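Dear colleague,

Please find below the structure that I am handing over to you. My notes on it follow.

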Amino acid sequence: MLINLPDFDKTLVNLAMNLLRAPEEYSALVLTDPDIQGAVSGEAMRATLHYILALLAYGFPAEDEVLKEAARWLLAPAVPDQVDENEMYRLEGLLRLRPYDPTVPERLSKLVKQRTSDGLFVIQTEPTQYDTLWALKVLTQAWQEGVLDSKIITLDDLRRTIDGFIQPGFPDKDLALALRLRFELWDKQLSPPLEHLLEHRLLESGRKNSLWDLTQNTLWIPERMRQDFSVQDIQQHYKPFCRAIQSTCVVVANLAVMMNYYTDIQPVLRHSLDLWWEAFHTDHMNDDPAGKMRALFIQPPDYLMSLSLTLMALRAFVNEPLIYRGAAYVHRQMLDFQVDQTTPSEKENLKQALRRCFQIDIEGEPQRLTLGLSGAGVARVELKVRSPLTDNFIFSESLVVKFGPSEEIDLERKNYERVPETIRSCFVNFPAQDTYFDPEQQRAYIVIPDLHGYRTLYEYYLRGFAAVFPGVVKHLGAFLLRVHQARGYQRELAPRGILYEI
């Protein structure tokens, strides 16, 4: 389908390139190494699955080396006795990359055995209605790939289950998936009651708001996006915004399958894509749409999910691999580059000239600092930038540099992500990427702002009140250390009155 979104080809290529970099940039989330017990976190499994699905949506074939590596990663562990969340992620990925792998029938059979007497499925430790929908999604995938043996479950059984399961009270994204499964299992058709649900629930909501899974308190989000949209607005309402964008991408991807059969769907989905596209696409002020996404979704799992789901939604809407739409832009860029491969672009020459013009130095010796959210080193440096044009300093500022083995810096990021959002403003924002990496020593360096004019609560008490409240100071140090190291809560006995004074 033709789609006339601004800078469509250029933006697609940018998103795809950032997706390809994900295993290196976010090694703790995408194709991550298992721990000593061979386990991988559910968050990493989910991120890796969506990385795989997004690469396929863009147009990379399953035989591409990147996806062959992903398939080997999925197949690494033995088939468990219980089909849990992680096993479901693996099974979804295998059905897309290696549907004929000999372990797939065994995995499907174990999934069906977790069906309860009322026909529902139990997957998660705390089962929800999505468990059954998730199981039906995977089994429908297997049926479409031709690897679902009727001895495991029949098509008629799948049809009866989905018909009896769909409820009007589902969240928008779940309802869209359920309608799609019913549509595919029943020869591209919905029953009249489900057509009514499609029109008067999902499409009507889309016409009004352009986003899905909004609450009464968040209906203002799409209106703000149409007018004076800023990253600062979103950070104050991060979770609802994140949920709305990701749900909208899921709804678009599922309903797009039915566009040729229900003509009212296409304009609604198009308006939704227009709204989201305007928020991040390439323009003269923003040459890095993936970078804009990073600014909107400050938590790496949310960024990776939103990047992946966006590509999947676009793929479903245009109904062809996205790589075809980006190919022309890539070839034009290569042609421009080949005009004179020995000469850098004028922009790069200007950058090099400016870098060599200004002299960067450090005033005095770096001041070693303590604490942090890991064992990484911390130092304060007094940065001086001199201009030979005026022979004086044009910039003087203290900055903080964290440095150490890459695993320590990664631990710092993980611990920062664990800090509750309600108090995150009390911490310096931790960059998602290293400022510099020394490949020889495998040491990472990141530059963060220095906090000026601040004294810690510990310093405040030590300097002014140690003599008056010696008991408070005694307990305060250990208390603040535990909080700062993000080790969670623990109970500890304290003398009467100490907690009140703290």
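The model is a predicted one, in which local features need pLDDT of at least 70, side-chain atom pairs count only at pLDDT 80 or more, and totals for chains, interfaces and linings use all residues. Residues are numbered from 1 along each chain as its sequence is written, and side-chain values use heavy atoms, with hydrogens and water left out.

Rings of Phe, Tyr and Trp (its six-membered ring) are taken to pair if their centres lie within 6.5 Å; planes under 30 degrees apart count as stacked, over 60 as edge-to-face and the rest as tilted. This rule gives 14 aromatic pairs. In one of them, the ring centres of Phe241 and Phe297 are 5.6 Å apart and the planes lie at 25°, so the pair is stacked. It links distant parts of the chain, 56 residues apart: Phe241 belongs to helix α13 (residues 238–255), while Phe297 is in the loop between α15 (289–296) and α16 (300–318). Helices (H or I, at least four residues) and strands (E, at least two) are DSSP runs, numbered from the N terminus. Ring pairs also join Phe241 and Phe297 with Phe8, Trp276, Trp277 and Phe280 in a cluster.

Two charges sit over rings, meaning that NZ of Lys or CZ of Arg is within 6 Å of the ring centre and within 35 degrees of the ring normal. The charged end of Arg90 is 5.3 Å from the ring centre of Trp73, and that of Lys173 is 5.4 Å from the ring centre of Tyr130.

Helix α9 (residues 172–185) has 14 residues, of which 12 are buried, so the helix is largely enclosed by the rest of the structure. Among the buried ones are Asp172, Asp174, Arg182 and Glu184. Their cover includes α7 (129–145), α8 (155–165), α10 (192–209) and α13, with contact meaning heavy atoms within 4.5 Å. After α9 comes Asp187, with a positive phi near 55°.

For the protein overall, the secondary structure comprises 22 helices and five strands. Of its 502 residues, 45% count as buried. Among contacts between residues at least 6 apart in sequence, 63% join residues at least 24 apart.

Yours sincerely

Definitions and conventions:
Expected span 1.5 Å × (residues − 1). Buried < 20%, exposed > 50% of the residue type's maximum accessible area, 1.4 Å probe, protein only.
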